[in-house]
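Visitor: I'm new to reading protein structures, and I'd like to go through one slowly. Could you show me how to look at it?

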2 protein chains.
Amino acid sequence: MTRKEIEESYRDLQLHICQALEAIDGQATFVEDPWIREEGGGGFTRTISNGRVFEKGGVAFSAVHGPVSIVMKKQLNLEGEHFFATGVSIVLHPKHPRHPIIHMNVRYFELDNGSTYWFGGGIDLTPHFVDLTLAVDFHQQLKDTSDQYSSDFYPKFKEWADRYFYLPHREESRGIGGIFYDHLDESCGLSKADLFQYSLSLGRLFPVAYKHQVDSIELNDVTEAELNWQALRRGRYVEFNLLHDRGTKFGIYSGGRTESILMSMPPRANWEYNLEFEAGSEEAETLAFLKKTHDFIKR
Amino acid sequence: MTRKEIEESYRDLQLHICQALEAIDGQATFVEDPWIREEGGGGFTRTISNGRVFEKGGVAFSAVHGPVSIVMKKQLNLEGEHFFATGVSIVLHPKHPRHPIIHMNVRYFELDNGSTYWFGGGIDLTPHFVDLTLAVDFHQQLKDTSDQYSSDFYPKFKEWADRYFYLPHREESRGIGGIFYDHLDESCGLSKADLFQYSLSLGRLFPVAYKHQVDSIELNDVTEAELNWQALRRGRYVEFNLLHDRGTKFGIYSGGRTESILMSMPPRANWEYNLEFEAGSEEAETLAFLKKTHDFIKR
């Protein structure tokens with residue numbers, strides 16, 4: 001399997017996901033923005049906005065290569081001269097506060113023509129209001145897909161997501177987590193081809209998993225209180241991405257393409273000083289839920 | 001001059017500024033939130049919201065002390081065992097898009113009972129739409145106050161602000177700058193007492209400078225386009241504070257009091273992918289203006 005094949009499959013995956021998301025939205029379509037990276041490679045950033053379901057979101061594909069810069073060496077601890085990286089990265093902010101925010105990323109990285117390589121990725125869900133049944137469904141889907149490759153993956157990558165999608169300054173999880181993995185190579189016992197297939201399986205699961213959420217949620221007429229809470233939760237999403245998300249920070253500090261990196265920003269976010277909610281309210285319960293990690297699937 | 005005197009003067013300064021800002025607002029008043037730092041000291045965070053002029057803002061005072069932590073040693077390059085820090089920190093987000101966002105900070109830091117000390121501070125202005133006359137007025141006020149202490153200060157600290165309040169990932173200044181300084185001690189030629197007085201003079205200038213802006217701006221009925229642009233500029237403000245501002249990052253990563261640090265967040269911020277404005281529009285002109293630094297006061 002060549003890097004060209006991986007790159008092409010990821011580009012196909014991007015188009016497949018966009019098509020599936022357009023079907024879910026039923027109204028808005030993606031706009032494609034091609035860009036070229038001066039040092040080598042480029043990408044196609046596809047964004048959607050003001051849809052029936054999706055208020056703002058992006059499905060980005062990129063394949064970039066070039067010399068390993070000093071920043072990369074330092075930040076990523078890389079031993080090598082030339083790198084190649086390709087992947088698909090997604091963040092979707094839904095219009096309705098009862099629909100969850102979702103994020104996905106699959107990526108492949110190699111140094112010096114593949115002498116070293118690894119895969120990374122994950123999917124995680126950030127509901128504005130937590131629905132436990134749907135949280136369990138989401139984790140079950142991730143487990144089912146992961147189990148086809150290794151029964152070690154789900155428990156290990158679920159914990160990784162719990163650690164990763166955490167806002168220490170708020171002592172809060174970003175959402176209900178999901179799976180997250182990085183630096184995955186043959187040392188885990190699977191072949192490179194299988195690891196690649198795993199990332200594609202996750203990519204294909206992505207729109208299916210989101211559709212299941214949307215199909216299962218009965219929408220009320222949205223209230224001002226719900227919209228306000230959504231905007232506040234989006235504020236936390238902004239805080240996570242700009243303060244803690246390694247991909248975002250690395251991209252920004254190393255001179256990546258700002259618009260593609262920050263396509264993860266919500267259309268609108270609010271902040272209030274010392275936010276407090278009445279005990280027993282849905283907002284207070286969501287906050288309390290996010291203070292802990294949860295085993296959604298009983299062992 | 002003892003650290004106790006500096007601390008008390010800064011607390012008085014906070015109250016003086018709040019009173020002056022309440023007079024400017026004419027409607028909303030500050031709410032005081034006292035807090036205690038487990039390792040030593042504490043503060044009074046005062047916030048204002050939903051005023052006639054101020055939509056969301058805070059004037060924070062703190063005086064904290066304790067052992068120099070590993071994070072502080074590493075991040076601040078400190079050689080000492082115990083520190084004391086006191087200061088006043090302000091960010092105000094006005095309701096009307098024609099009023100500018102303003103930020104101020106004055107602070108005093110000492111190690112091991114004053115064997116080493118320094119002052120830091122600054123005031124800078126972030127108009128959503130740049131008015132050149134008012135930008136010049138603002139810089140003139142900063143220069144006049146600074147010149148009373150040293151004619152070196154304004155030119156040096158103005159350039160420092162230009163460098164500091166810059167978003168490299170956007171290739172944009174945050175606003176029209178102002179002054180910024182740090183690690184200022186007797187080696188600059190002024191006594192500790194004078195440096196302290198300089199910080200107080202800046203603090204007293206702060207409400208005067210903001211009042212001049214507000215008094216000079218004739219308000220139209222706000223339009224949707226203006227509000228949208230304000231929300232987008234606030235998005236940039238969020239990006240600066242969470243990605244680049246050293247104070248915010250240090251506070252968050254070292255376990256500071258999150259609500260006080262993030263009182264700088266706007267009430268609401270928007271993001272749009274690949275934002276573009278018609279050539280010649282006020283928005284496009286503001287963006288073009290922020291691409292360069294400017295000498296507001298001819299030398």
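Guide: Happy to! Let's begin with a term: a residue is buried if 20 or more other C-beta atoms lie within 10 Å of its own, exposed if 12 or fewer, and partly exposed in between. Keep in mind that this is a predicted model.

Visitor: Let me try that. Is E171(B) buried or exposed?

Guide: E171(B) has 10 other C-beta atoms within 10 Å, so it is exposed. You'll find E171(B) in the loop between β7 (166–167) and β8 (172–173) of chain B.

Visitor: What about phi at E171(B)?

Guide: General idea first: most residues other than glycine have a negative phi. Now the case here: phi of E171(B) is near 50°, a positive value in a residue other than glycine. N274(B) also has a positive phi, near 50°, and isn't a glycine. N274(B) sits in the loop between β10 and α9 (282–290) of chain B, and it counts as exposed because it has 12 C-beta neighbours inside 10 Å.

Visitor: And how does E8(B) count?

Guide: E8(B) has 13 C-beta neighbours inside 10 Å, so it counts as partly exposed. Its place is in helix α1 (residues 3–25) of chain B. For a sense of distance, the C-alpha atoms of E8(B) and E224(B) are separated by 44 Å, and the two residues are 216 apart along the chain.

Visitor: Now a helix. What span should α1(A) have?

Guide: Helix α1 (residues 3–25) of chain A has 23 residues, and at 1.5 Å a residue it should span 33 Å; its end C-alpha atoms are 33 Å apart, so that agrees. Just after α1(A) comes G26(A), with a positive phi of about 75°.

Visitor: Which residues of α1(A) are buried, and what covers them?

Guide: Among the buried ones are I6(A), Y10(A), L13(A), I17(A) and L21(A), and also E7(A) and D25(A). Their cover includes β2 (41–49), β3 (54–67), β4 (82–94), β5 (101–111) and α5 (192–216) of chain A.

Visitor: Which way do the strands run, say β1(A) and β2(A)?

Guide: Strand β1 (residues 31–36) of chain A and β2(A) run antiparallel, joined by six bridges. As an example, V31(A) has T47(A) in β2(A) as its bridge partner. The two strands make a hairpin with four residues between them, and in the turn G40(A) has a positive phi of about 140°.

Visitor: What pairs with β4(A)?

Guide: On one count, β3(A) and β4(A) pair in the antiparallel sense over 13 bridges, with A63(A) opposite T86(A) in β4(A). A hairpin of six residues links β4(A) to β5(A). As for burial, 11 of the 13 residues of β4(A) are buried, so the strand is largely enclosed by the rest of the structure.

Visitor: How do I compare the two chains?

Guide: In general, two copies of a chain are related by a rotation about an axis and a shift along it. The same surface serves both: 100% of the contact residues of chain A recur in chain B.

Visitor: How many residues does the contact take from each chain?

Guide: It takes 25 residues from chain A and 25 residues from chain B. On chain A's side, α6 (224–244), α8 (258–261) and β10 (268–270) each supply at least two residues. The most come from α6(A), with six residues. By type, that side of chain A divides into 13 nonpolar, seven polar and five charged residues.

Visitor: What do the β10 strands do?

Guide: β10(A) and strand β10 (residues 268–270) of chain B pair in the antiparallel sense over three bridges. To see this on screen, look for N270(A), which stands opposite R268(B) in β10(B).

Notes
Residues are numbered from 1 along each chain as its sequence is written. Chains are lettered from A and ligands numbered from 1 in the order in which they are written. This is a predicted model: local features need pLDDT of at least 70, side-chain atom pairs count only at pLDDT 80 or more; totals for chains, interfaces and linings use all residues. Two residues are in contact if their C-beta atoms, placed from the backbone, lie within 7 Å. Ala, Val, Leu, Ile, Met, Phe, Trp, Tyr, Cys and Pro count as nonpolar, Asp, Glu, Lys and Arg as charged, and the others, Gly among them, as polar. Two strands pair if DSSP finds at least two bridges between them. The expected span of a helix is 1.5 Å times one less than its number of residues.
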